[in-house]
Amino acid sequence: METESAPQTRRRGGRGARERILRAAAKLFYEEGIHATGIARLVETAEVSTRTFYQHFPTKAALVEEYLRSYDARLALRIDQHVTREDLTPKEQLLALFGIVAEAAPGSSGAVSTRGCPLHNAAVEAAESMPDVRKLVQQNKQGITQLLIDISTRAGAADPERLGRHLAVLVAGATALSTSLDSPCPRHDALEAARVLIDNALPEDQPAG
C-alpha cells in the first residue's frame with residue numbers, strides 16, 4: 001500500500017522574499033532568541049531557499065542589524081505619532097512615552113508578550129559576537145535618553161538632564177523587570193512612578209505646547 005509522503009516545505013523566491021525574511025526574523029528573534037534561531041529555521045519560516053536568503057542578507061549578523069533598524073524606525077514613528085505631538089504639553093509628552101511602555105503588545109499566539117525590548121534583548125545576546133549590533137542599541141538608548149532630556153527642558157525642569165536620565169532608567173527597568181517576572185505589571189508601575197518623578201521635578205504651572 002502506498003503511503004502519502006510528508007509535504008515539502010513551500011519555497012517562494014522573487015518579489016517579497018526580503019520582506020518575508022524580515023517578518024520571519026522579527027518573529028523568531030523576538031520570541032525564540034537570536035542565537036537560538038538558525039538559518040534553516042529562518043528560511044523555513046520565510047518560505048525561501050537558503051540561496052535566496054543569502055542573496056538578500058550575506059550573513060546572519062546583517063539580518064539582525066536590519067531587523068533592529070526596522071524596529072527602531074517603527075518605534076521612532078510611534079513616538080512621532082503619540083509622544084512628540086504639538087497638541088500635548090511637555091509634561092503630557094513625557095507621560096505619553098510611559099503610556100507606550102505600559103501598553104503590553106500581544107505576541108503571535110494572542111497572549112500578552114513580556115519578552116521586553118528587542119534592542120535590549122539583542123544587546124544581551126549579541127554584545128560580544130556582533131559589535132555593530134551593540135552600536136545600534138547604544139544609539140537607540142542614547143537617543144531615547146536625549147529625547148527625555150529635551151522634553152524635560154521644554155517642560156521647565158530645574159535639572160532636565162537629571163530628570164531625563166532618571167526617566168530613561170525607569171523605561172529600561174520597567175521592560176527588563178516585566179521580562180524577568182513574565183508580567184506586564186512593571187510597565188504599569190513605571191507609568192505611576194514616572195508621574196511622581198515628573199510632578200516632583202516640574203513647576204506646578206505647565207506652559208502649553
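**Labels and their cut-offs**

Analyst: Phe53, Tyr54 and Phe57 form one aromatic cluster. This is a predicted model, where local features need pLDDT of at least 70, side-chain atom pairs count only at pLDDT 80 or more, and totals for chains, interfaces and linings use all residues. Residues are numbered from 1 along each chain as its sequence is written, and side-chain values use heavy atoms, with hydrogens and water left out.

User: What makes phenylalanine 53 and phenylalanine 57 a tilted aromatic pair?

Analyst: Rings of Phe, Tyr and Trp (its six-membered ring) pair if their centres lie within 6.5 Å; planes under 30 degrees apart count as stacked, over 60 as edge-to-face and the rest as tilted. The rings of phenylalanine 53 and phenylalanine 57 are 6.1 Å apart, centre to centre, with 45° between the planes, so they pair and count as tilted. The structure holds three aromatic pairs.

User: Why is the pair of phenylalanine 29 and tyrosine 67 called edge-to-face?

Analyst: Their planes are at 65° and their centres at 5.4 Å; the angle is over 60, so the pair is edge-to-face. Phenylalanine 29 is in helix α1 (residues 17-32) and tyrosine 67 in helix α4 (residues 60-82), so the pair links parts of the chain 38 residues apart. Helices here are DSSP runs (H or I, at least four residues), and strands are runs of E, at least two, numbered from the N terminus. The chain has nine helices and zero strands.

User: Is cysteine 117 buried or exposed, and how do you know?

Analyst: Buried means under 20% relative accessible area, exposed over 50%, and partly exposed in between (1.4 Å probe, protein chains only). Cysteine 117 has 12%, so it is buried. Cysteine 185 has 46%, so it counts as partly exposed. Phenylalanine 29 and tyrosine 67 are both buried, and so are phenylalanine 53 and phenylalanine 57. Of the 209 residues of the chain, 40% count as buried.

User: What stands out about the phi of glutamate 47?

Analyst: Glutamate 47 has a positive phi of about 60° although it is not a glycine. Most residues other than glycine have a negative phi. Glutamate 47 is in the loop between α2 (39-46) and α3 (50-56). Its relative accessibility is 25%, so it counts as partly exposed.

User: Where is aspartate 182, and is it buried or exposed?

Analyst: Aspartate 182 is in the loop between α8 and α9 (185-201). At 59% relative accessibility, which is over 50%, it counts as exposed. Phi of aspartate 182 is also positive, near 55°.
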